[in-house]
Amino acid sequence: MDIKNIVTQFRFEGEFRNVEEFGSGHINSTYIADFGEKRYVIQKINTNVFKNPDALMDNVFSVTRYLKNIIIENGGEPERETLKFIRTNEGKEYLKTPDGECYRAYIFVDNSICYDSADTPEMFKKSGAAFGQFQKLLSAFPADTLFETIPHFHDTFYRFENEFLVSLENADESRKENAKAEIDFIISRKGEMKRITDLLENNRIPVRVTHNDTKLNNVLFDKNTGDCLAVIDLDTVMPGSALYDFGDSIRFGASTAAEDEKDLSKVEMSLDYFKAYAEGYLSEAGDTLNSCEKDNLAFSAKLITLECGMRFLTDYLNGNVYFKVDYPEHNLIRAKNQLKLVSDMENKMSKMEEIVNSIQSPALDTYD
Ligand code: ADP
Ligand code: GN1
Ligand code: MG
């Protein structure tokens, strides 16, 4: 359905001026609707990826309601510090069109901005504190009440066996040939893929409510103060490991280049950015984590980067059916980029571990 028609179906205030596509997400489509005094974000949920939008929206509503209460108790501004949804004209949580498309809407936080890269380690440190605080605020939220919006989302070995190897079986020869080095790279790291899920299964680390998509551009910054306002993009908030969140932030934000930079000589993991993020994250979440989680923070960055590279490659082999692409080889480029980052992290792993160990924060060893 036309987006201008969608705009008329929500309880927006003010006079409609304009609606435009916005953002750099790979899954949903985001639009900003300008209503003069107020602006609103409208998103089309990708229902190929999120197969149960009812359960997804229940998750997001229950998490934002919970956060809103804490923010109010702490004297904060809930409409700026978490997502505030706008109901449809019929009072529903989201809109389902007759042809099955799903849209939801929330307030665009004024004077806010998201970044695809951090200009300084200090800025990245702030995002670490924001995700650390998000983890801390949700530490008492009952994880088992949340629906798993994408099952096995960060189960790296599951993705290897059930998605990557299957894509290899079905891919045409030319794609496999183009990706030969990357395929071998991934297969040779099979032995490390179960580490985090094994720790969860053996109760060495706890299941927590986690965000699972902790890219820097999923934090809203205040344009005026430069401080973080809110963690957004809550579609993958579900039971998981804190290590998934830490690892994914480093993957995206501590790289010296964009996720789809073609010149691999520009792609490295910055130890300064790694340190800054770890300091910010542990300053908020440090007390919540146990020592086994802390011991695996550096490794998680490598594993989640490997997993993401593998997911991009799987999609390339499948003919680009999951992530949005700008050109046919986009997912292959992204995969090469992520695997270069993995190599760099492998070279720097002992330094990354030293950095985590050097940061003072008490661990509650309830799981050791
Ligand atoms: P995607 O799943 O496509 O990444 P996001 O929810 O992250 O979707 O939104 C995409 C972008 O839209 C964000 O990176 C941010 O720039 C902007 N955005 C989303 N929600 C808000 C909001 N409530 N206020 C201001 N900007 C927002
Ligand atoms: C996708 O939707 P977006 O762009 O925030 C993906 C993440 C990947 C990321 C890679 C639901 O996130 O898991 O890490 O791309 N989201 C989903 O940039 O698969
Ligand atoms: Mg996003």
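**View 1. Isoleucine 113 and its partner across the strands.** In this predicted model, isoleucine 113 sits opposite phenylalanine 221 in E9. The two strands here, E7 and E9, pair in the antiparallel sense over 2 bridges. For the bookkeeping, strands (E, at least two residues) and helices (H or I, at least four) are DSSP runs, numbered from the N terminus, and two strands pair if DSSP finds at least two bridges between them.

View 2. Strand E9 (residues 219-222) is joined to E10 by 3 bridges, and the two run antiparallel. Which residue of E10 is the bridge partner of leucine 220? That is alanine 230. Phenylalanine 221, the residue facing isoleucine 113, has cysteine 228 as its bridge partner in E10.

**View 3. The turn between E9 and E10.** E9 and E10 make a hairpin, with 5 residues between them. Look for glycine 226 in the turn: its phi is positive, at about 80°.

**View 4. Two covered faces of E9.** In a regular strand, side chains alternate between the two faces of the sheet. Are the faces of E9 covered or open? Both are covered: Val219 and Phe221 are buried on one side, Leu220 and Asp222 on the other. Buried here means under 20% relative accessible area, with a 1.4 Å probe and protein chains only.

**View 5. Stepping back to the chain.** The sheet belongs to a chain with 13 helices and 11 strands. Its radius of gyration, taken over C-alpha atoms, is 20 Å, close to the 21 Å from the globule rule (2.2 Å times the number of residues to the power 0.38) for 368 residues, so the chain is as compact as a globular protein of that length. Buried residues account for 54% of the 368. Of the contacts (heavy atoms within 4.5 Å) between residues at least 6 apart in sequence, 73% join residues at least 24 apart.

**Notes.** Residues are numbered from 1 along each chain as its sequence is written, and chains are lettered from A and ligands numbered from 1 in the order written. Local features need pLDDT of at least 70 and side-chain atom pairs pLDDT 80 or more, while totals for chains, interfaces and linings use all residues; side-chain values use heavy atoms, leaving out hydrogens and water.

Technical notes
Buried means under 20% relative accessible area, exposed over 50%, partly exposed in between (1.4 Å probe, protein chains only).
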